[in-house]
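Biologist: I have a new model open and would like to learn how to read it. Could we go through it together?

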Amino acid sequence: MTATAERPQTTIFSRPKSTTGFWSWVTTVDHKKIGIMYGYAAFAFFVLGGVEALLLRIQLTQANSEFLTAGAYNALFTMHGTTMIFLFVMPVGAAFMNYLLPLLIGARDVAFPRLNALSWWIFFFGGIFLYSTFIFGTSVPPVGVDGLGGIDGNLAAGGGPGSFNFLASSPDGGWFGYQPNAGPLYSPGTAMDYWALGLQILGLASLISSINFIVTVFNMRAKGMRLLRMPVFAWMSTVVAFLLLFSLPIIAIALFMVTADRQFGALFFAPTGGGDPILWQHLFWLFGHPEVYILILPAMGIVSEVLPVFSRKPLFGYSAVVFAGAAIAFLGFGVWAHHMFASGITPVAQAAFGLATMTIAIPTGIKIFNWLGTMWMGRIRLTTPLLFAIGFVAMFTIGGLSGVTHSIVPSDWQQTDTYYIVAHFHYVLFGGAVFGIFAGLYYWFPKLTGRVMSEKLGKTQFWLMIIGFNLTFAPMHWLGLQGMVRRTWKYAPETGLEPWNVAVTIGAFIIALAIAVFMFNWYTSKRRGRLSGLDPWDARTVEWMSPNPTPEYNFAVPPVVERLDHFWHLKYDEDEEGRAAAKPDMDQILSDIEEEQLNPRAPIHLPNPSYFPFFVALGIPVIFYGIIYHTTMWGKALIVLGVLITLSSLIGWSTEPLEEPHSEHADPDEGYAHEPAEEVMPS
Amino acid sequence: MLLGVALVLGACGFIGNEDAPLTTFEPAGPFAERIDGLFWPVFWIATVVFALVMGAIFVAVVLYRDKDGAKEARQLHGSPKLEILWTVIPALILAGIAVPTTAAVFELSECDPEAMEIEVIGHQWWFEYHYPDAGIETANVMVIPAGTEICAKMTSDDVLHNFWIPALNGKRYLVPGQETELRLQADQPGEYWGHCAEFCGLSHSLMRARVVALDSADYQAWVTAQQAPTLLPAEGTPEYEGYQVYLNKQCTLCHTVRFDDDSASNIVPADAFNGPDLTHFADRSTFAGATLPEEGESRTAALKRWLENPPEVKPGSFMPDLALTEAEIDSLIIWLESNT
């Protein structure tokens with residue numbers, strides 16, 4: 001039961017050979033290992049972002065609380081938003097796509113395995129770079145009258161009343177980094193540079209993987225896996241990859257402009273120099289709104305996989321769901337100014353963006369109704385993945401409906417920048433994306449481990465989470481409409497906001513408890529969970545034709561796909577009423593598949609591990625540290641060092657073939673790289 | 001379900017809550033009322049859609065939950081008729097919402113050319129108000145005549161701010177280097193709370209605002225009083241002591257007071273750091289970004305706390321700790337509070 005064949009060495013440096021242990025992870029180009037690393041890193045950041053949120057909630061429990069200093073509070077909400085978006089939901093989406101996309105389309109890996117490793121390592125170092133601001137960053141408010149008439153600066157009292165002021169050394173301009181507050185004049189110190197350059201690195205990682213996923217979907221599908229036979233998650237991954245491809249360059253340019261402003265006095269956004277602070281908002285949201293769909297569409301894909309399996313029916317309106325996803329993505333590029341209804345843009349622009357925003361509700365509604373249609377007249381098995389998927393549909397509906405109220409432009413003038421907005425996007429991104437992510441984690445856990453997670457703990461987690469979630473975020477609607485502005489360190493007791501803030505904080509801790517239950521469940525189920533076998537859920541799609549845990553080569557025999565839900569139709573026929581009828585020899589079919597997939601007839605050829613993606617990625621944060629400190633000798637030295645690391649690694653990479661030449665076998669089943677594209681592509 | 005009921009009840013309690021001065025549910029002028037009138041129909045439509053979706057989930061789970069002996073599901077792939085139905089119906093509902101929305105955007109955006117102008121300038125972390133017709137400069141408390149439309153012409157001296165008086169209208173940014181407009185009108189005399197709604201740096205949470213609407217007689221009296229200069233205190237009085245502290249402790253680097261004796265009036269140079277104009281300071285019901293005095297605190301106690309160490313009260317405040325002695329603070333307060 002072999003995996004890779006022996007190969008002669010062709011490069012000057014010896015290639016990594018370890019298949020287990022630390023170095024196997026550093027040098028791996030296996031999409032599954034990369035996906036797992038993405039997942040664990042994202043989850044670690046989720047926990048960090050969650051701790052930040054809990055600190056914020058403790059501060060807001062009481063009116064006029066002085067638990068945190070103003071500086072610490074501002075830093076924590078900035079890092080909470082930045083972390084949850086760029087270091088949790090985005091990479092966890094990348095984790096799912098990495099692990100599952102090749103499996104869902106019946107491939108053995110992504111199109112560019114080393115590029116995949118590169119994007120992971122860039123993400124990893126980007127995350128570390130961003131978080132190193134807690135150690136190296138400095139954040140001071142403008143000095144005010146410092147130096148005027150010999151009066152001491154205005155920070156005699158430190159960050160003001162409260163504790164945890166040491167946290168204030170991290171970025172404090174908000175995850176949206178509005179100019180000029182986050183610019184050089186009003187946020188001196190290096191913290192916002194760590195933020196801008198950290199996001200730049202993370203964006204690079206996503207851009208690389210987006211290209212990789214697009215090429216993978218268009219070139220690596222198994223025979224017969226036509227585009228409209230792909231599972232919806234594969235479709236949504238494709239849509240997300242295009243969103244990333246088109247939106248990331250915008251934020252990359254905007255962040256370079258900010259860095260130029262901050263480091264080299266470029267004045268793009270400085271009104272005193274003729275720059276325009278509103279331009280930053282246009283650029284930021286022109287990226288930022290598609291970003292919302294980058295965060296939610298993978299979860300929509302997950303839910304579209306989970307609902308049919310546990311309703312034992314095909315997805316209702318498959319093509320409508322696919323096209324609605326694409327439509328949401330397309331419209332998502334035309335609504336950015338609804339984040340700016342209060343900014344003073346003209347009434348014509350406001351009306352136009354308001355109407356465009358309303359149109360997004362239509363494809364979103366199509367998705368929700370089709371999900372309901374999937375459950376309707378099904379045979380519903382209320383497993384943990386399905387509970388989370390239903391939670392997604394319900395909570396996302398609330399977030400979608402409150403989103404419609406924002407498109408009523410004058411209403412939004414009241415709601416924007418209040419907790420009503422905080423409530424809205426947490427219903428979309430937590431009630432939506434995070435519930436979807438948990439549905440996916442429970443559903444595909446057997447593919448990682450060969451075991452099933454505990455249903456008892458899973459249901460406990462679900463109920464804790466749905467109660468805690470609603471207790472946390474539902475009252476925020478009321479708080480916002482009662483006048484509680486966002487990003488507020490303190491509120492006055494006279495505002496009457498305190499009682500619901502107490503409820504919100506209690507809810508937040510219930511969510512934390514739910515996450516603790518999940519971590520315990522994951523840990524114990526990995527060791528002692530029930531063995532899953534080939535097909536624990538009676539699933540529909542071809543990733544379940546590969547054994548659990550997934551072998552390194554994914555498929556010993558690549559599936560030849562005959563229709564949508566190929567795997568299901570291998571097991572089931574339809575009776576005269578159109579009901580599913582198990583084929584009489586279903587058990588035999590399943591054991592044949594497992595037998596075939598576990599025992600390749602010949603050694604399977606896989607891409608070789610490589611040191612180079614790791615080292616190319618390593619040089620990038622070194623360069624960016626250098627940019628922050630470019631006025632010093634150390635900074636200049638770091639830039640040179642970083643460029644040397646990255647360039648020399650790139651040269652090494654280019655001299656190293658993806659696969660070592662092999663002559664010892666000819667494998668009839670071996671697939672994709674050597675097969676003419678026409679045979680794989682549809683039509 | 002119980003949670004939902006609790007939330008609705010709690011919300012009702014909130015809506016009738018007199019003790020929520022920033023609430024959007026008690027519009028006090030035509031613009032806020034117009035917005036309120038747009039919100040509720042959409043809210044009820046959304047509630048119906050929400051109830052239908054939740055109901056469908058609930059019914060599906062109850063009716064079609066897998067039981068022993070349940071038949072396998074019919075393998076339905078979809079229904080083009082239904083797809084069209086649930087595309088067209090939401091589109092029609094949205095079209096119905098879009099018409100009044102668009103009308104309201106245009107109606108509420110442009111100031112009436114006859115409206116009274118007040119210039120609003122945002123600073124970290126307080127609002128400055130200029131009355132160009134009356135020639136008044138003041139801070140933190142905007143005094144307006146009830147029943148009259150105000151056209152706030154707004155800009156910022158530093159970063160983005162966002163002027164919001166929930167009872168009078170939605171919010172609008174203050175953008176450095178640009179001018180934005182916001183229509184305000186209070187139908188009845190009263191005090192209306194506000195807040196800077198855009199994150200504007202360290203003490204964003206302490207940048208608040210107050211609008212006081214007066215009937216027209218009271219408003220005229222206020223204008224007349226504001227237009228008059230402040231009396232220069234006579235030598236030897238306790239007020240004079242405070243005035244001396246003002247002069248000698250560098251307050252004049254940032255603050256302006258217009259006295260009846262022109263030679264004593266100081267004007268802060270345009271390029272210097274700008275603090276609130278302190279002429280008629282004692283007339284203002286609140287100070288320090290409309291955050292002081294706090295509930296249950298006397299003005300004297302609040303002023304004392306503020307003057308002892310402003311950044312301790314308002315982190316990052318551009319008014320530094322001036323290391324004033326107790327006696328200096330006391331006499332400064334006597335003068336400030338006489339400054340009507």
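Biologist: Let me begin with a pair of strands. Which residue stands opposite B:Glu128 in S2(B)?

Modeller: That residue is B:Ile121. Before we go on, keep in mind that this is a predicted model. To read strand pairing, look for the direction of the two strands and for the bridges between them. Here S1(B) and S2(B) pair in the antiparallel sense, over 5 bridges. The two strands form a hairpin, with 2 residues between them.

Biologist: How many bridges join strand S1 to strand S5 of chain B, and do these strands run parallel or antiparallel?

Modeller: Strand S1 (residues 116-123) is joined to strand S5 (residues 150-156) by 7 bridges, and these two run parallel. For one facing pair, find B:Glu119, which has B:Lys153 of S5(B) opposite.

Biologist: Now for a bigger view. Into which domains is chain B divided?

Modeller: There are domain 1 (116-227) and domain 2 (238-338). To read how two domains sit together, ask how far apart their centres are and which residues touch. The C-alpha centres of these two domains of chain B lie 21 Å apart. In the contact, 22 residues of domain 1 meet 16 residues of domain 2. On the domain 1 side, the elements giving two or more residues are strands S2 (126-131), S3 (136-139) and S10 (208-214) and helix H4 (216-227) of chain B. S10(B) gives the most to that side, with 4 residues. By class, the domain 1 side divides into 10 nonpolar, 7 polar and 5 charged residues.

Biologist: Last topic: nonpolar cores. Which residues touch the most other members of the largest one?

Modeller: The general idea first: in soluble globular proteins, nonpolar side chains tend to be buried together. In this model the largest nonpolar core has 288 residues, and A:Val303 and A:Ala439 touch the most other members. H3(A) supplies the largest share of this core, 24 residues. Leaving out residues up to four places away in sequence, A:Ala439 touches A:Ile302, A:Val303, A:Val306, A:Pro385, A:Phe388, A:Ala389 and A:Phe392. Another core, of 18 residues, lies apart from the largest one and includes B:Leu303, B:Val313, B:Ile333 and B:Leu336.

How values were computed. Residues are numbered from 1 along each chain as its sequence is written. Chains are lettered from A and ligands numbered from 1 in the order in which they are written. This is a predicted model: local features need pLDDT of at least 70, side-chain atom pairs count only at pLDDT 80 or more; totals for chains, interfaces and linings use all residues. A nonpolar core is a set of buried Ala, Val, Leu, Ile, Met, Phe, Trp, Tyr and Cys residues joined through C-beta atoms within 7 Å. A residue is buried if 20 or more other C-beta atoms lie within 10 Å of its own, exposed if 12 or fewer, and partly exposed in between; C-beta atoms are placed from the backbone. Two residues are in contact if their C-beta atoms, placed from the backbone, lie within 7 Å. Domain bounds come from an automatic or database domain assignment. Ala, Val, Leu, Ile, Met, Phe, Trp, Tyr, Cys and Pro count as nonpolar, Asp, Glu, Lys and Arg as charged, and the others, Gly among them, as polar. Two strands pair if DSSP finds at least two bridges between them.
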